[in-house]
Amino acid sequence: MVNNYFSHQSPTYGSPGDMLRAAGVSYRLMGENIAGNATVERAHYALMQSQGHRANILNPNFTRVGVGVASGSPYGLIITELFAG
């Protein structure tokens with residue numbers, strides 16, 4: 001992890017909303033899930049066990065999603081899901 005952080009607020013890019021706006025993505029509603037786990041499957045399972053993360057994944061008002069996966073952290077893989085609607 002280059003900046004050694006695990007947070008919804010990036011020291012480089014700011015908030016998830018900041019990142020969307022910088023990329024030219026317009027939205028009325030947005031959400032973000034982040035997870036650290038050994039595999040994508042385990043991360044997804046853990047997110048689905050959390051009421052708030054599960055609500056993001058299943059929210060029908062989110063019409064777009066971006067997913068990023070990076071390795072090499074103390075958590076194993078880092079998975080980010082960024083939702084917009």
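Contact here means heavy atoms within 4.5 Å. In that sense helix α3 lies across β1 and β3, and α3 runs at about 125° to β1. The model is predicted. Its 3 strands form an open, antiparallel sheet in the order β1-β3-β2, and helix α2 packs on that sheet as well.

**The sheet**

- Strands of a sheet pair through backbone hydrogen bonds, in either a parallel or an antiparallel sense.
- In this sheet the pairing is antiparallel, and the strand order is β1-β3-β2.
- The edges are taken by β1 (30-37) and β2 (64-73); each has a single partner strand, so one side of each is left without a neighbour in the sheet.
- From one strand to the next, the twist averages 15°.
- Strand β3 spans residues 76-84 and pairs with β1 over 8 bridges.
- Between β2 and β3, which run antiparallel, there are 8 bridges.
- Of the 9 residues in β3, 7 are buried, so the strand is mostly covered.

**Bridge partners in β3**

- Ile 78 of β3 is the bridge partner of Gly 36.
- Leu 77 of β3 is the bridge partner of Asn 37.
- Ile 79 of β3 is the bridge partner of Val 69.

**Gly 36**

- Gly 36 belongs to strand β1.
- With a relative accessible area of 30%, Gly 36 is partly exposed, because that class covers values between 20% and 50%.
- Leaving aside residues up to four places away in sequence, Gly 36 touches Phe 6, Tyr 75, Leu 77 and Ile 78.
- Gln 49 is 13 residues from Gly 36 along the chain, and the C-alpha atoms of these two residues are separated by 14 Å.

- Helix α2 touches β1, β2 and β3, and the direction of α2 makes about 125° with that of β1.
- Helix α3 lies across β1 and β3, also with an angle of about 125° to β1.

**Packing of α2 with α3**

- Two packed helices are described by the angle between their axes and by the distance between those axes.
- Helix α2 covers residues 40-49 and helix α3 covers residues 51-58; they pack at an angle of about 105°, with their axes 5 Å apart.
- The two helices are therefore roughly perpendicular to each other, a term that applies to angles of 65 to 115 degrees.
- On the α2 side the contact involves His 44, Leu 47, Met 48 and Gln 49.
- On the α3 side these residues meet Gln 51, His 53, Arg 54, Ile 57 and Leu 58.
- Sorted by class, the contact has 4 nonpolar, 4 polar and 1 charged residues.

- Side chains of opposite charge can pair when their charged atoms come close.
- The count comes to 1 salt bridge, with a limit of 4 Å between the side-chain nitrogen and the carboxyl oxygen.
- Arg 21 forms a salt bridge with Asp 18, and their closest N and O atoms are 2.8 Å apart.
- Both residues lie in helix α1 (residues 16-22), where Arg 21 and Asp 18 are 3 residues apart, about one turn of the helix.
- Arg 21 is partly exposed, at a relative accessible area of 48%.
- Asp 18 is also partly exposed, at a relative accessible area of 32%.

Definitions and conventions: Residues are numbered from 1 along each chain as its sequence is written. This is a predicted model: local features need pLDDT of at least 70, side-chain atom pairs count only at pLDDT 80 or more; totals for chains, interfaces and linings use all residues. Side-chain values use heavy atoms; hydrogens and water are left out. Axes are lines fitted to C-alpha atoms, for helices over the stretch in contact, and angles run from 0 to 180 degrees between N-to-C directions. Helices (H or I, at least four residues) and strands (E, at least two) are DSSP runs, numbered from the N terminus. Angles under 35 degrees count as roughly parallel, over 145 as roughly antiparallel, 65 to 115 as roughly perpendicular and the rest as oblique. Ala, Val, Leu, Ile, Met, Phe, Trp, Tyr, Cys and Pro count as nonpolar, Asp, Glu, Lys and Arg as charged, and the others, Gly among them, as polar. Buried means under 20% relative accessible area, exposed over 50%, partly exposed in between (1.4 Å probe, protein chains only). Two strands pair if DSSP finds at least two bridges between them.
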